[in-house]
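Thanks, everyone. I'll keep this brisk. Please look at the sequence and the structure on the screen.

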Amino acid sequence: MDADLILVISMVVAALSIPAMVSAYSEARRPIAAFVTLIIAGGMAIHAVRTKPGGYSLAEIPEVFFSVLARFIS
């Protein structure tokens with residue numbers, strides 16, 4: 001697995017943890033699973049940044065996201 005793919009997966013997992021947090025708060029439950037998911041996504045993002053030589057810039061992230069998406073669509 002390359003660093004770009006790991007970064008994109010971590011962004012998707014982090015985005016999916018947000019509705020889980022909102023759902024837990026609206027039902028007066030503790031969002032433990034959502035926080036664990038968010039921590040896992042953060043760890044994956046840190047791993048991706050550390051394994052790619054030079055890391056990522058903020059301007060580069062949308063390009064990386066859509067290039068990985070294009071790999072899976074085609």
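One definition to begin with. Buried means under 20% relative accessible area, exposed means over 50%, and partly exposed is in between. Keep in mind that this is a predicted model.

Now apply that cut-off. R29 has a partner, E27. The two form a salt bridge, and their closest N and O atoms are 2.9 Å apart.

How many salt bridges does a search of the whole structure find? Three. In general, side chains of opposite charge can pair when their charged atoms come close.

Next, D2 and R71. They form a salt bridge too, with the closest N and O atoms 3.3 Å apart. This pair links distant parts of the chain. D2 sits in the segment before α1, R71 sits in helix α3, and 69 residues separate them. D2 is at 32% relative accessibility, so it counts as partly exposed. R71 is at 45%, so R71 is partly exposed as well.

Then K52 and E60. Their salt bridge has its closest N and O atoms 2.9 Å apart. K52 comes out at 22% relative accessibility and therefore counts as partly exposed. E60 has a relative accessible area of 25%, so E60 is partly exposed.

K52 also takes us to the inside. Leaving aside neighbours within four places in sequence, A3 is in contact with A48, T51, K52 and Y56. A3 belongs to the largest nonpolar core. That core has nine residues: A3, L5, I6, L7, V8, A48, Y56, V64 and V68. Which elements give two or more residues to this core? They are α1 and α3, the latter covering 61–73. α1 gives the most, with five residues. As a general point, nonpolar side chains tend to be buried together in soluble globular proteins.

Now the surface. Y25, F35 and L38 make a nonpolar patch of about 300 Å². Y25 is found in helix α1, residues 3–26. Is Y25 buried or exposed? At 54% relative accessibility, Y25 counts as exposed.

Last, the aromatics. The structure holds one aromatic pair. The ring centres of F65 and F66 are 5.4 Å apart and the planes are at 90°, so the pair is edge-to-face. F65 has 26% relative accessibility, so F65 counts as partly exposed. F66 is at 52%, so F66 counts as exposed.

That's my tour. Questions, please.

Key:
Residues numbered from 1 in each chain as written. Predicted model: local features only at pLDDT ≥ 70, side-chain atom pairs only at ≥ 80, totals over all residues. Heavy atoms only, no water. Phe/Tyr/Trp six-rings, centres within 6.5 Å; stacked < 30°, edge-to-face > 60°. Buried < 20%, exposed > 50% of the residue type's maximum accessible area, 1.4 Å probe, protein only. Patch = residues over 30% accessible without salt bridge, like charges linked within 9 Å, V, L, I, M, F, W, Y side chains within 5 Å. Areas by Shrake-Rupley, 256 points an atom, 1.4 Å probe, with all protein chains shown as cover. Salt bridge = Lys/Arg side-chain N within 4 Å of Asp/Glu carboxyl O. Helix = DSSP H or I, 4+ residues; strand = E, 2+ residues; numbered from the N terminus. Core = buried A, V, L, I, M, F, W, Y, C linked by side-chain atoms within 4.5 Å. Contact = heavy atoms within 4.5 Å.
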